[in-house]
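Me: Please walk me through this model. I want the sheet, a salt bridge and a pocket.

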Amino acid sequence: MISIKSVTVEGIPLLEISPKGKELELLPTVIFFHGWTSNKESSLVNGYELAKKGFRALLPDAYLHGERKEKDLSTQGLEFWNVIARNLIELPLMRDYYVNKGLSDSNRFGVSGLSMGGFTTCAALTQFPWIRTAVVLMGSPDPVNFTKWLLSSKWTEGMEIPISKEILTESLTALTPISLTKHPEKIANRYIHFWHGTQDDLVPYQPTFDFYEKIKQQSYGLNVSFSTSKGIGHKVPHAKSVEMADFFSDHL
């Protein structure tokens with residue numbers, strides 16, 4: 001049996017999912033971030049699979065999403081990195097709250113997410129050494145080159161993107177500190193798993209796989225793994241949510 005609670009932490013609405021009867025116990029914890037224009041409820045299957053494995057799963061609504069929605073994001077593509085930046089600010093706030101309450105084990109803390117949540121996960125690995133284990137579902141470790149690509153991709157259909165070359169250069173420079181591609185040594189031999197479908201037309205598969213191929217034999221990347229789903233687009237099959245939870249069960 002699974003317990004689901006609606007909680008607000010530091011102004012962040014989230015769903016807290018845990019094994020029934022263990023709601024007040026010290027548990028290993030995973031924060032799972034949803035995708036662009038989505039919400040915490042869309043990630044319930046991932047929280048459910050984590051709770052089945054004995055984890056406390058925290059599913060927050062990202063800034064400007066879900067209960068925090070203030071405007072239609074479908075035409076606001078430039079907010080993408082602002083939302084991820086806010087995720088990075090709020091991630092340690094949520095962790096500290098649950099650790100201080102005696103509900104989360106500070107030594108067994110993981111992060112995961114899909115699409116925008118996968119980008120958040122990669123970026124978080126560059127900032128927070130306390131993340132022990134991570135799973136990236138159809139995200140990218142390379143925010144700089146992804147941004148260059150998306151400006152001419154289907155992501156921008158229907159969007160107004162009035163951006164000068166100077167502003168673009170400044171924006172890309174600002175992304176460098178959270179680029180796992182630029183700072184792969186920050187993996188620091190942690191357990192990280194990537195999943196991606198080969199037909200993803202919103203977050204390209206090949207750059208992420210190439211990153212994995214480049215770092216998997218490095219001393220810092222020996223515990224990184226990758227699974228591929230041929231013919232799958234920008235959607236996480238249920239089997240991959242199970243795979244995500246299994247990975248945390250094995251390595252967190």
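This is a predicted model: local features need pLDDT of at least 70, side-chain atom pairs count only at pLDDT 80 or more; totals for chains, interfaces and linings use all residues.

Reply: Residues are numbered from 1 along each chain as its sequence is written, and side-chain values use heavy atoms, without hydrogens and water.

Me: What is the strand order of the open sheet?
Reply: Strands are DSSP runs (E, at least two residues), numbered from the N terminus. Two of them pair if DSSP finds at least two bridges between them. The sheet has 8 strands and mixed pairing, in the order E1-E2-E4-E3-E5-E6-E7-E8.

Me: Which are the edge strands?
Reply: An edge strand pairs on one side only. Those strands are E1 (2–9) and E8 (224–229).

Me: In which sense do E5 and E6 pair, parallel or antiparallel?
Reply: E5 covers residues 104–114 and E6 covers 133–137. Val 111 has Ala 134 in E6 as its bridge partner. The two strands share 5 bridges, and the sense is parallel.

Me: How many salt bridges does a search of the whole structure find?
Reply: The criterion is a side-chain nitrogen of Lys or Arg within 4 Å of a carboxyl oxygen of Asp or Glu. Glu 16 sits in strand E2 and Lys 5 in strand E1, 11 residues apart. The search finds 12.

Me: Which residues lie nearest the centre of the second largest pocket?
Reply: A pocket is an open set of points on a 1 Å grid over the protein atoms alone, where a 1.4 Å probe fits, with protein on both sides within 12 Å along at least five of seven lines; lining residues have an atom within 4 Å of a point. The lining here holds 16 residues. Nearest the centre are Ser 42, Leu 114, Met 138, Lys 235 and Val 236.

Terms used: Helices (H or I, at least four residues) and strands (E, at least two) are DSSP runs, numbered from the N terminus.
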